[in-house]
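Please consult the sequence and the structure shown below alongside the text.

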Amino acid sequence: MDKRPVRFPGIAYSLIAAVIGGIAFKLLHLPIPWLLGPMFAVLIGSNVFKGCFAWPGQFRNAGMIIVGYTIGLAMTAAALKEMSYQLPWMLLMTLLLLLWCAGIAYPVSRLAEIDYKSSLLGSIPGGLTQVLVLAEETDGVNLTVVTVTQVIRLILIITCVPLLVTSPLFGQTHEDLEAVAPLSAVSAGWDSGMIPNLLVYALVSVGCAILGNKIKFPTAFLLGPAIGTAVLQWTGFPGPPLPSFVLNAAQLLIGVHVGLMLKPGRLTHKVRTISLAVGSGLLLMVGALGLSVLLTKLQSVSASTGLLSLAPGGMDQMGIIAHEIHADLSIVAGYQLFRTFFIFFAVPPLLKAMFRYHSKLTKRRETQ
């Protein structure tokens, strides 16, 4: 995202394009219209009319806080108890997915004629911010390749996963989704008497997001509100579900941000790099799909819950999709949260140790 001050016309253009994209996707009955519609509309618009589109990071953060609140509401005591039984499987599935990523990175590095470090960091299914920070701190890494590969992977995931989980392959059709769609906040118990509770939850969510950001908590604007909401809910203070238009607005705020992240003009060897990034992303999807089938055999989770739990996308996007199709949001959030923390805390030191070992091995071979 551009670090220069954001001008109002740029925000207005982005918002107009996002609303048009959302309405178009809605009319075409495409899945998750208020996330994917704005994303594609802004992606196209910003690359056709260069320099005209802008979006403050605070808008995306606001959307993340709303999604975090929704995830926190799903983190009931019963859901956490169920998640505790899943911990061994969370570790197993995370390790298998990371091994699959490491395997994909090798042929991609050979075909793209880039170093294995850049290819591996581009393949890791972690949060984009964390991976880019790690890439910046690692010597000899092509940051542009890592960024483009990660962004293309993210776009593929949040485009393909909704199409998969809403398809007959997963036992759902568009008619099924339309039938459950009225299960919105209105029918789930929303009433004006809950407004004081909502104000308390809003203060807690925003406060936890700001605090998490200050202490460098991973994905602070999502996890901070999720944890704060869950803890407050455990005290017996009920949190009201949000109206559907608020959730749609949150999706739009995040979708515009994702759409502006991809900058094809900054790439060298565009066709080759993009083709390999797409191929890598699709292989990653195949691996996640295979592991989700394995998970449904090992645990009593639905096919859609299994895929959303293991899909190598952001927890915010997977949480939105899980909420929309009424998958088990607590399980999805649990698996995605576990992988986020594992990649944030365990993967960087492991990768740095591996890169150091590889560097020493290369120098030893050169001196022989």
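A polar contact is a pair of N or O atoms within 3.5 Å; within protein, one atom must be able to donate a hydrogen and the other to accept it, and residues adjacent in sequence count only if both atoms are side-chain atoms. The side chain of Ser46 provides an example, as it reaches the backbone oxygen of Leu43 at 3.3 Å. The model discussed here is predicted.

## Overall architecture

The secondary structure of the protein chain consists of 15 helices and zero strands. The chain has 368 residues, of which 50% count as buried. Among contacts between residues at least 6 apart in sequence, 76% join residues at least 24 apart.

## Ser46 in helix 2

Ser46 belongs to helix 2, which spans residues 33–48. Ser46 is classed as buried because its relative accessible area is 12%, and the limit for that class is under 20%.

Two backbone oxygens lie within reach of the Ser46 side chain. The backbone oxygen of Val42 is 2.7 Å from a polar atom of that side chain, and the backbone oxygen of Leu43 is reached at 3.3 Å. When neighbours within four places in sequence are left aside, Ser46 is in contact with Phe53, Gly259 and Leu260.

## An aromatic cluster

A pair of aromatic rings is described by the distance of the centres and the angle of the planes. A search of the whole structure finds six aromatic pairs. One of them is formed by Tyr69 and Tyr201, with 5.7 Å from centre to centre and 75° between the planes, an edge-to-face arrangement. This pair links distant parts of the chain: Tyr69 is in helix 3 (residues 57–74) and Tyr201 is in helix 9 (residues 195–214), 132 residues apart. Both Tyr69 and Tyr201 are buried.

Tyr201 also pairs with Phe237, and here the rings are stacked, at 5.8 Å centre to centre and 20° between the planes. This second pair likewise connects distant parts of the chain, since Tyr201 is in helix 9 whereas Phe237 is in the loop between helix 10 (220–234) and helix 11 (244–261), 36 residues apart. Is Tyr201 buried or exposed? Tyr201 counts as buried because its relative accessibility is 0%. Phe237, in turn, is partly exposed, with a relative accessible area of 28%. Together, Tyr69, Tyr201 and Phe237 form one aromatic cluster.

## Packing of helix 3 against helix 10

Helix 3 and helix 10 pack at an angle of about 35°, and their axes are 7 Å apart. Their crossing is right-handed. On the side of helix 3, the contact is made by Asn61, Met64, Ile65, Val67, Gly68, Tyr69, Ile71, Gly72 and Leu73. Helix 10 contributes Phe221, Leu222, Pro225, Ala226, Thr229, Ala230 and Gln233. What is the division of these contact residues into nonpolar, polar and charged? There are eleven nonpolar, five polar and no charged residues.

Val231 is partly exposed, its relative accessible area being 41%. Val231 and Thr76 are 155 residues apart in sequence, but their C-alpha atoms are 9.0 Å apart in space.

Gly103 is found in helix 4, which covers residues 77–112. Gly103 counts as partly exposed because its relative accessibility is 43%. From C-alpha to C-alpha, Gly103 and Leu120 are 8.8 Å apart, with a separation of 17 residues in sequence.

Leu298 lies in helix 12 (residues 270–298). With a relative accessible area of 36%, Leu298 is partly exposed. Leu298 and Trp89 are separated by 209 residues in sequence and by 8.6 Å in space, C-alpha to C-alpha. Leaving aside neighbours within four places in sequence, Leu298 is in contact with Trp89 and Met93.

## Ser309 in helix 13

Ser309 lies in helix 13, residues 303–310. Why does Ser309 count as buried? Ser309 counts as buried because its relative accessibility is 1%. Not counting residues up to four places away in sequence, Ser309 touches Ile331, Val332, Tyr335, Gln336 and Arg339.

Methods:
Residues are numbered from 1 along each chain as its sequence is written. This is a predicted model: local features need pLDDT of at least 70, side-chain atom pairs count only at pLDDT 80 or more; totals for chains, interfaces and linings use all residues. Side-chain values use heavy atoms; hydrogens and water are left out. Rings of Phe, Tyr and Trp (its six-membered ring) pair if their centres lie within 6.5 Å; planes under 30 degrees apart count as stacked, over 60 as edge-to-face and the rest as tilted. Helices (H or I, at least four residues) and strands (E, at least two) are DSSP runs, numbered from the N terminus. Buried means under 20% relative accessible area, exposed over 50%, partly exposed in between (1.4 Å probe, protein chains only). Axes are lines fitted to C-alpha atoms, for helices over the stretch in contact, and angles run from 0 to 180 degrees between N-to-C directions. A crossing is left-handed if the near helix is turned anticlockwise from the far one by less than a right angle, and right-handed if clockwise. Contact means heavy atoms within 4.5 Å. Ala, Val, Leu, Ile, Met, Phe, Trp, Tyr, Cys and Pro count as nonpolar, Asp, Glu, Lys and Arg as charged, and the others, Gly among them, as polar.
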